[in-house]
Structure formats: C-alpha cells, structure tokens
Amino acid sequence: MNTSMIKSKFLSNPGELGVVAVGFSGGQCKPGVDAAPSALIESGLLVQLRDELNYKLHGDDTVHLYKDLVPKDDPPFRNMKNPKAVSSVTERLSEQVYSHAKEGRMVLTLGGDHSIAIGTISGTAKAIRERLGREMAVIWVDAHADINTPESSGSGNVHGMPVSFLTGLAKEEKPEYFGWLKSEHLLNLNKLVYIGLRDVDPGEKKILREHGIKSFSMFDIDRHGIGRVVEMALAHIGSDTPIHLSFDVDALDPMWAPSTGTPVRGGLTLREGDYICESVHETGNLVAIDLVEVNPSLAVAENDMGAHETVRAGCSLVRCALGESLL
C-alpha cells in the first residue's frame with residue numbers, strides 16, 4: 001500500500017500505479033518534447049514513486065515512441081498538422097490507459113505534448129463509465145485552454161485542440177482523423193475546470209464564454225489566492241466525482257519551468273502548482289494524472305540549468321499528486 005493517508009474513493013487498487021511513458025511530439029512543431037519521459041524517468045521519478053511513496057508500478061519499463069503509427073505521408077486535414085499521426089497515436093494511447101484504469105489502479109501518463117490528452121482522458125473516461133457507471137471530471141492546469149477547434153486554430157497544431165475533441169465540440173466521422181472517439185470516451189463540459197489560464201486565443205475565449213466553462217485564470221488566482229481558487233474548482237466538480245488531472249508544465253511560470261514549448265510569463269509558482277496537486281490528492285477522488293510539455297532540449301545554453309529545473313518541477317508535481325506531503 002502507498003504511504004498516503006488519504007483513502008481513495010474510486011480506485012479498487014489504490015496502491016497500484018499504471019505508468020504510460022509517451023515519447024510523442026507530433027501535436028506541435030518543436031522537437032524534443034518526446035524526450036521528456038526518458039528525462040523524468042532518468043531523474044529518478046519512478047524509483048521515488050516505488051521506493052518512497054510505496055506504489056506497485058505496472059508498465060513502467062518502456063518509453064513508447066509509436067513510430068509504427070506515424071505515416072510517411074500525413075498532409076493537413078481541416079487545418080490540422082500531422083492529423084493521422086496524432087489520431088492513431090492517441091487511439092493506441094487510449095487503449096493503453098484504459099487497460100490500466102479498468103483494473104482500478106491510478107494511471108500516470110508522462111508526455112509528450114498535450115495532444116496526448118485525447119488518448120489519456122478518453123481511456124480513463126471509458127474505464128470509469130464501465131467500472132463505476134458514472135462520468136469523471138477533468139482539471140486542466142495550463143497556461144492555454146487547448147480548446148480550439150481545427151477551424152478556429154491559428155497554428156493547426158493539435159496540441160491546442162485536445163479539449164475540443166474530448167468534449168465533442170470538434171467532431172469528425174473519419175476514424176483516421178479522430179473519428180474513433182465515441183460517446184464513452186467523451187467528457188461533459190460541465191465536468192471540466194481550468195486553472196492557470198493566461199494565454200487564450202480569441203476563438204477559445206468565445207467557446208469558453210458561450211458554453212459557460214468553469215475557468216480560473218491567473219487574474220482569479222491573483223485576486224483570490226490559490227487556496228480559494230482550488231476550493232472553488234473542486235466545489236464546481238463536486239465531492240463524488242472521479243478526477244483526471246491533466247497538468248501542462250507551462251502552467252508554471254518560466255522561472256520554475258523554462259524548458260517547455262510555449263512558455264508564458266506570469267504563471268504559477270512551483271508551490272502553487274504543488275498545492276493544486278496536493279489538494280486534488282487530498283480529495284481522494286483522483287484516478288489519473290498527465291504531466292506534459294516538459295521539453296529538455298529547450299535549454300538556452302549548454303550550461304543552462306533550465307532543463308534540469310523543469311524536470312525537477314515536473315517530478316515534484318507528480319509526487320504531490322500521488323500523495324507526497326510536507327509533514
């Protein structure tokens with residue numbers, strides 16, 4: 001059994017941790033984010049989870065690169081770049097996450113860019129519906145809303161679109177372009193909460209407002225403090241709902257996590273990020289975690305400690321979400 005004092009409400013095997021390491025960068029254009037899982041593992045994260053937090057790990061030996069799923073020819077479709085690659089990788093990932101989640105264990109996915117959430121969240125949502133007969137909630141911690149539709153996106157990078165596909169705001173019939181997503185994979189918009197937003201596209205603001213999606217920006221955190229914001233976010237979800245926490249490391253200020261593809265100044269401190277993770281763990285409702293967008297290659301110079309600090313920050317977030325406490 002793990003060392004946490006918190007009793008899990010929704011996991012039948014809370015001492016077990018399914019680990020999926022996703023070395024995939026096709027949802028955006030900067031190479032290097034595919035190296036994040038290896039960097040996190042080499043820094044000792046899984047050893048700490050096993051030896052210090054006392055989890056029994058499953059599936060933690062391999063960083064999946066999914067090269068067999070990346071087609072030679074992958075032209076844009078509906079403005080999306082690398083659409084077939086991202087669709088086929090996330091479909092495989094959905095099955096991998098589902099295979100752990102259906103066993104009633106916590107699932108930790110180490111990315112990769114945030115497009116992989118199409119796979120992780122869909123896999124967890126399907127397993128929770130089958131196992132418990134209920135919907136789950138998602139807390140999306142990020143500088144960006146990632147809720148562009150293919151048509152509203154300025155860049156065409158799919159890492160800015162996962163929430164639109166997961167909520168059914170973006171639909172596609174063709175299986176090779178995310179048509180494999182079915183109703184059992186999807187997330188209810190009322191069960192989605194954002195924390196840490198500060199770089200939201202005009203089209204995304206329109207979507208958030210029109211659908212009344214619960215969102216806490218850095219303005220809200222400045223006004224209320226992180227404690228009150230997390231309290232309001234959890235109150236919106238309700239105390240009887242499984243939670244999937246999807247944490248983009250660029251939610252942290254670049255002072256704490258500089259090695260990420262789309263850094264935005266004015267973000268969370270590391271303590272605020274850790275606090276979110278600690279608080280979600282404390283509910284006993286957490287069933288899955290994603291950590292994405294660590295990019296070790298984006299250190300400014302050879303002697304730059306940015307990559308090391310970003311990996312350290314990512315490890316801290318994961319440990320806090322999995323029950324590490326200060327006392």
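Which residue forms a salt bridge with Glu151, and how far apart are the closest N and O atoms?

A: In this predicted model, the partner of Glu151 is Arg78, and the closest N and O atoms of this salt bridge are 2.9 Å apart. Glu151 sits in the loop between strand 5 (137–141) and helix 5 (162–166), while Arg78 belongs to the loop between strand 3 (63–64) and helix 3, so the contact ties together parts that are 73 residues apart in sequence. Glu151 is exposed, with a relative accessible area of 51%, whereas Arg78, at 25% relative accessibility, counts as partly exposed.

The structure holds twelve salt bridges. One of them joins the side chains of Arg105 and Glu16, at 3.3 Å from N to O. This pair also links distant parts of the chain, with Arg105 in the loop between helix 3 (83–101) and strand 4 (106–110) and Glu16 in strand 1 (residues 16–22), 89 residues apart. Arg105 has a relative accessible area of 12% and is therefore buried, the limit being under 20%. Glu16 likewise counts as buried, at 17% relative accessibility.

A further salt bridge connects Glu210 with Lys206, the closest N and O atoms being 2.9 Å apart. Both residues lie in helix 6 (residues 202–210), and because Glu210 and Lys206 are four residues apart there, about one helical turn separates them. Glu210 and Lys206 are both exposed.

Definitions and conventions: Residues numbered from 1 in each chain as written. Predicted model: local features only at pLDDT ≥ 70, side-chain atom pairs only at ≥ 80, totals over all residues. Heavy atoms only, no water. Salt bridge = Lys/Arg side-chain N within 4 Å of Asp/Glu carboxyl O. Helix = DSSP H or I, 4+ residues; strand = E, 2+ residues; numbered from the N terminus. Buried < 20%, exposed > 50% of the residue type's maximum accessible area, 1.4 Å probe, protein only.
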